[in-house]
Amino acid sequence: MKIQLKLYGLSKMLSDKEILYIELPNNSNIEKLRSVLNKIISEKYLKNNLQNLSKTAAFFSEADEVINDNYKLKDKELISIIPPIGGG
Amino acid sequence: MTLHTALVNTEEKKISSEKANEFILSEKNGAESIFIGRVRNKNSGKKVTAVTYDAHDQAVIKSFQSICNEAKGKFDNNASIFLEHAKGYVSVGEISILIAVSSGHRDEAFKVCRYILEEIKHKSPIWKKEHYIEGDEQWLSGHSLRPKEEIK
């Protein structure tokens with residue numbers, strides 16, 4: 001299955017587009033997404049200070065709520081990656 | 001109306017303290033506290049020319065409203081609050097955040113203002129990318145919203 005990951009902040013270094021499409025095994029959860037994301041970052045983006053992103057990021061559902069590691073993702077689901085924040 | 005919150009797209013307009021002063025003015029409130037955050041020209045030894053703010057718009061507005069209502073509940077239910085944060089490119093010296101509070105007394109006005117600022121830093125999904133004089137740029141690290149018990 002494929003999910004849509006809306007990029008914010010530091011994660012925008014992963015793509016020039018607003019949404020990154022990520023291929024995952026069926027019935028994957030957020031924990032699996034973290035592991036796939038970590039692999040993508042390790043292979044391509046280590047130079048860009050993204051090493052800890054898969055560990056430190058939170059994820060928001062379409063309802064803008066934090067979803068935990070056990071959350072089961074659906075095919076074509078749109079979620080947001082929320083890297084560590086720092087406004088003000 | 002005693003609460004105004006907004007993310008201001010800097011391509012369309014600038015944050016202005018005049019609008020804030022007008023909004024919080026009330027004969028019931030004898031104290032005003034105004035915090036203005038501006039982009040400074042140096043950070044961690046590097047010369048900064050500007051900051052780009054990114055934000056998850058809907059979640060930011062939800063968090064702003066929730067934080068302001070919490071502040072009122074904690075310190076003064078009659079406080080008037082004006083809160084705006086920039087989204088987009090902000091040059092050195094320009095306003096990135098403005099919090100204006102009017103309250104019955106000075107102590108509450110100070111406390112509401114401070115509470116809102118600190119909570120935003122820990123709860124509102126906003127990110128900063130600094131632009132440096134040498135032409136490079138960097139996203140700044142911040143506070144993780146991932147539940148602490150999940151981070152191993």
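# Close-up views of chains A and B

Three salt bridges are found by the rule across the interface of chain A and chain B. The structure is a predicted model.

View 1. On the side of chain A that touches chain B, the elements giving two or more residues are α1, α2 (53–56), β3 and β4 of chain A. The residues on that side divide into twelve nonpolar, eight polar and six charged.

**View 2. A salt bridge joins B:Asp54 and A:Lys12.** The closest N and O atoms are 3.2 Å apart. This pair crosses between chains. B:Asp54 sits in strand β4 (residues 46–55) of chain B. A:Lys12 belongs to the loop between β1 and β2 of chain A. Over all chains, the count by this rule comes to 15 salt bridges.

**View 3. Chain A and chain B bury about 2300 Å² between them.** Carbon and sulfur atoms account for 55% of that area. Three residues stand out on chain A: A:Asp64, A:Ile85 and A:Gly88. They supply 30% of the area that chain A buries against chain B, more than any other three residues. The contact takes 26 residues from chain A and 30 residues from chain B. Twelve residue pairs are in polar contact between the two chains, with both residues at pLDDT 80 or more.

**View 4. Four strands of chain A form an open sheet.** Their order is β2-β1-β4-β3, and the pairing is mixed. β2 (19–23) and β3 (58–60) of chain A stand at the edges. Each has a single partner strand, so one side of each is left without a neighbour in the sheet. From one strand to the next, the twist averages 35°.

**View 5. β3(A) pairs with β4 (residues 78–82) of chain A.** The two strands run antiparallel. Three bridges join them. A:Ala58 has A:Ile82, in β4(A), as its bridge partner.

**View 6. Helix α1 (residues 30–44) of chain A lies across the strands.**

Technical notes:
Residues are numbered from 1 along each chain as its sequence is written. Chains are lettered from A and ligands numbered from 1 in the order in which they are written. This is a predicted model: local features need pLDDT of at least 70, side-chain atom pairs count only at pLDDT 80 or more; totals for chains, interfaces and linings use all residues. Side-chain values use heavy atoms; hydrogens and water are left out. Two strands pair if DSSP finds at least two bridges between them. Axes are lines fitted to C-alpha atoms, for helices over the stretch in contact, and angles run from 0 to 180 degrees between N-to-C directions. Contact means heavy atoms within 4.5 Å. Buried area is the accessible area (1.4 Å probe) that two parts lose on being put together, summed over both. A salt bridge is a side-chain nitrogen of Lys or Arg within 4 Å of a carboxyl oxygen of Asp or Glu. A polar contact is a pair of N or O atoms within 3.5 Å; within protein, one must be able to donate a hydrogen and the other to accept it, and residues adjacent in sequence count only if both atoms are side-chain atoms. Ala, Val, Leu, Ile, Met, Phe, Trp, Tyr, Cys and Pro count as nonpolar, Asp, Glu, Lys and Arg as charged, and the others, Gly among them, as polar.
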